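Here is a short briefing on one protein chain, arranged by topic. Please keep the sequence and the structure at hand while reading.

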Amino acid sequence: MGYRPAPIFMIGAFIFALMIKNLLFDLGGVIIDIERENCVKAFEALGLENADSYFGLYAQTGIFMAIEDGSMSVDDFHKALHEKLPAGVTDYQIDTAFQKFITGIPAHRLEALRALRRKGYGIYLLSNTNPIMWRGIIAGEFGKEGLRREDYFDGMVTSFAAKAAKPDPKIFKYTVETLDIKPEETLFFDDSETNVEAARALGFQAVHVKPGTEFTEYLPDKR
């Protein structure tokens, strides 16, 4: 039998897999499950008018964006919300309502992250989030197996620390510098097509994790 060259698409996939050294994950909608309506209803119950207008699936608006992009502190966020809420509502109630956005991390995704790290990939996080969720429910979800976030990731970037939120190019450039990674060697996973396009424009490999799918479906060839 004569030599049969591999199909071009197979060669391309192999080369792509070899190039990828780092996996960079969005959080909400990729690793952690979210439910926007839970958050909206919680703030409506507290008496926030037009609560629905503040929350999007991929980005927030007004003071909720301000705490996410780091332009507003937690204290100022609380003060601003108290002006919009009935008297008697506590900071704890505000924080609890805000964190209703998150429903949890399935155990199989935590295992997948650990497995990918064992295979030698650099595993990183890039999330639009805020200090309230980051220090509260998000820390709790990553800690429910007795581990810490640092046990899953080699490095993490949050929008409130970077003072910029996706899809702003600033946060991607901050990520490259902070994590010391090369975009062309990094595969980025996000549930927002806009964020994926922004990453690609800066040289990242990037995939859109569609609703109802798992990030494991978009991984490069297994090592």
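The protein chain has ten helices and seven strands. The model is predicted. Of the 223 residues in the protein chain, 48% are buried. Among the contacts in the protein chain with a separation of 6 or more, 68% are between residues 24 or more positions apart.

**Nonpolar cores**

- In soluble globular proteins, nonpolar side chains tend to be buried together.
- The largest nonpolar core in this model has 53 residues.
- Ile 31 and Phe 43 are the residues with the most contacts inside that core.
- With neighbours within four places in sequence left aside, Ile 31 is in contact with Phe 25, Asp 26, Ile 105, Pro 106, Arg 109, Leu 113, Leu 125, Phe 142, Phe 153 and Phe 215.
- Another core, of 16 residues, lies apart from the largest one; Phe 172, Phe 188, Ala 198 and Ala 206 are among its residues.

**Helix 4 against helix 5**

- Helix 4 covers residues 74–82 and helix 5 covers residues 91–98.
- The two helices pack at an angle of about 95°, and their axes are 10 Å apart.
- Angles of 65 to 115 degrees count as roughly perpendicular, so helix 4 and helix 5 are roughly perpendicular to each other.
- On the helix 4 side, the residues that meet helix 5 are Phe 77, His 78, Leu 81 and His 82.
- On the helix 5 side, they are Asp 91, Ile 94, Asp 95 and Phe 98.
- By class, this contact has four nonpolar, two polar and two charged residues.

- Arg 114 is in helix 6, residues 107–118.
- Glu 145 is in the loop between helix 7 (131–142) and strand 5 (155–158).
- The relative accessible area of Glu 145 is 35%; buried means under 20% and exposed over 50%, so Glu 145 is partly exposed.
- The side chain of Arg 114 makes a polar contact with the side chain of Tyr 152, at 3.3 Å.
- The side chain of Glu 145 also makes a polar contact with the side chain of Tyr 152, at 3.3 Å.
- Not counting residues up to four places away in sequence, Arg 114 touches Glu 145, Leu 147 and Tyr 152.
- With neighbours within four places in sequence left aside, Glu 145 is in contact with Ala 107, Leu 110, Arg 114 and Tyr 152.
- Glu 145 and Leu 110 are 35 residues apart along the chain, and their C-alpha atoms are separated by 9.0 Å.

Technical notes: Residues are numbered from 1 along each chain as its sequence is written. This is a predicted model: local features need pLDDT of at least 70, side-chain atom pairs count only at pLDDT 80 or more; totals for chains, interfaces and linings use all residues. Side-chain values use heavy atoms; hydrogens and water are left out. Axes are lines fitted to C-alpha atoms, for helices over the stretch in contact, and angles run from 0 to 180 degrees between N-to-C directions. Helices (H or I, at least four residues) and strands (E, at least two) are DSSP runs, numbered from the N terminus. Angles under 35 degrees count as roughly parallel, over 145 as roughly antiparallel, 65 to 115 as roughly perpendicular and the rest as oblique. Contact means heavy atoms within 4.5 Å. Ala, Val, Leu, Ile, Met, Phe, Trp, Tyr, Cys and Pro count as nonpolar, Asp, Glu, Lys and Arg as charged, and the others, Gly among them, as polar. A polar contact is a pair of N or O atoms within 3.5 Å; within protein, one must be able to donate a hydrogen and the other to accept it, and residues adjacent in sequence count only if both atoms are side-chain atoms. A nonpolar core is a set of buried Ala, Val, Leu, Ile, Met, Phe, Trp, Tyr and Cys residues joined through side-chain atoms within 4.5 Å. Buried means under 20% relative accessible area, exposed over 50%, partly exposed in between (1.4 Å probe, protein chains only).
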